[in-house]
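The sequence and the structure are shown first, and the description follows.

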Amino acid sequence: YQLNLRNLSLGELLRAINRPDLRGKGELEGQAMMRWDTLDKKFIEGFWIDPARLGSVGPGVLQYGITQKSEPVETLAHFQALLRQGQQALVMRALENFHYRNLSAEILRNPKDFSKISLKISGKNPDVAHGQPFEISIPIEGNLESVIVDSFVRDFSDLSEFEKERY
């Protein structure tokens, strides 16, 4: 099956995966090809995503790991101190309030492996190095199905009994 995705809210998508440390604003669109094998008509044995591609429609904001407002990284000494902690510390600091120009993701999945997501974002954090632009690539591998199933179960449990009967 081919899915054409339009007007997909990044904020709603991130809320669905129930990560309070991850928020976003913006709109996504893309396509996904999905296939599955069934053992019988009631049980899906495995499914594939041959790759799904999502991209931003215009600029947006991605915020990760915010527990409290961090001090701006304005001076060279502050920037160097952050770099001494490693490149990952700089990236994590940038992602606290990342204003992206472009965001794209490619998702692959076959029944024998975990899902693989390649996330690429370009933009800046106005509080880091006076808004110096960043190009960030993040490979993610994991059990995407549990995130999807958990969000559906949570959403379904929030429905009234009348609404559940309609399903």
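Glu12 and Arg15 form a salt bridge in which the closest N and O atoms lie 2.7 Å apart. This pairing, like everything described here, belongs to a predicted model. Both residues are in helix α1, and because they are three residues apart they are separated by about one helical turn. An α-helix has 3.6 residues a turn, so residues three or four places apart point the same way. Glu12 is partly exposed, its relative accessible area being 48%, while Arg15 is exposed at 53%.

## Other charged pairs

The protein has four salt bridges by the rule applied. Side chains of opposite charge can pair when their charged atoms come close. One of these salt bridges joins Arg53 to Glu106, with 3.1 Å between the closest N and O atoms. Here distant parts of the chain are linked: Arg53 belongs to strand β4 (residues 43-56) and Glu106 to strand β6, 53 residues apart. Arg53 is partly exposed, with a relative accessible area of 48%, and Glu106 is also partly exposed, at 28%.

A further salt bridge is formed by Glu96 and Arg93, whose closest N and O atoms are 3.2 Å apart. Glu96 is buried, with a relative accessible area of 16%, and Arg93 is buried as well, at 8%.

## Overall architecture

Five helices and eight strands make up the secondary structure of the protein. Along the sequence they follow the pattern β-α-β-β-β-β-α-α-β-β-β-α-α. Among contacts between residues at least 6 apart in sequence, 60% join residues at least 24 apart.

Of the 167 residues in the protein, 28% are buried.

In soluble globular proteins, nonpolar side chains tend to be buried together. In this protein the largest nonpolar core has 21 residues, and those with the most contacts inside it are Leu10, Leu62, Phe98, Leu103, Ile121 and Phe134. At least two residues of this core come from each of α1 (10-16), α3 (87-94), β6 (98-109), β7 (115-124) and β8 (134-142). Strand β6 gives the most to the core, with four residues.

What does Leu10 contact, leaving aside its neighbours within four places in sequence? Its partners are Gly24, Lys25, Gly26, Leu28, Val61, Leu62, Tyr100 and Leu103. Two of these, Leu62 and Leu103, are also listed among the core residues with the most contacts.

## The two sides of helix α3

Which residues of α3 are buried? They are Ala89, Leu90, Arg93 and Ala94. These residues are on the same side of α3, because they cover an arc of only 135 degrees around the axis. The cover over them includes α2 (76-84), β6 and β8. On the other side of α3, Gln87 and Gln88 are exposed. Arg93, one of the buried residues of α3, is the partner of Glu96 in the salt bridge described above.

Ser56 is located in strand β4. It counts as buried, because its relative accessibility of 18% falls under the 20% limit. Beyond residues up to four places away in sequence, Ser56 touches Glu27, Leu28, Tyr100, Arg101, Asn102 and Leu103.

Pro59 is found in the loop between β4 and β5. Is Pro59 buried or exposed? It is exposed, with a relative accessible area of 66%. Not counting residues up to four places away in sequence, Pro59 touches Tyr100 and Arg101. The C-alpha atoms of Pro59 and Gly123 are separated by 8.7 Å, although these residues are 64 residues apart along the chain.

## Confidence in the model

The average pLDDT of the protein is 78, and 74% of the residues score at least 70. Confidence is highest in strand β5 (residues 60-64), at 94, and lowest in helix α5 (residues 161-166), at a mean of 45.

Over residues 159-167, pLDDT stays under 50, and the model has five contacts beyond four places in sequence for this stretch. Where pLDDT is low, the predicted coordinates should not be read in detail.

Key. Residues are numbered from 1 along each chain as its sequence is written. This is a predicted model: local features need pLDDT of at least 70, side-chain atom pairs count only at pLDDT 80 or more; totals for chains, interfaces and linings use all residues. Side-chain values use heavy atoms; hydrogens and water are left out. A nonpolar core is a set of buried Ala, Val, Leu, Ile, Met, Phe, Trp, Tyr and Cys residues joined through side-chain atoms within 4.5 Å. Buried means under 20% relative accessible area, exposed over 50%, partly exposed in between (1.4 Å probe, protein chains only). Contact means heavy atoms within 4.5 Å. A salt bridge is a side-chain nitrogen of Lys or Arg within 4 Å of a carboxyl oxygen of Asp or Glu. pLDDT is the predictor's confidence in each residue, from 0 to 100. The arc is that of the directions from the helix axis to the C-beta atoms.
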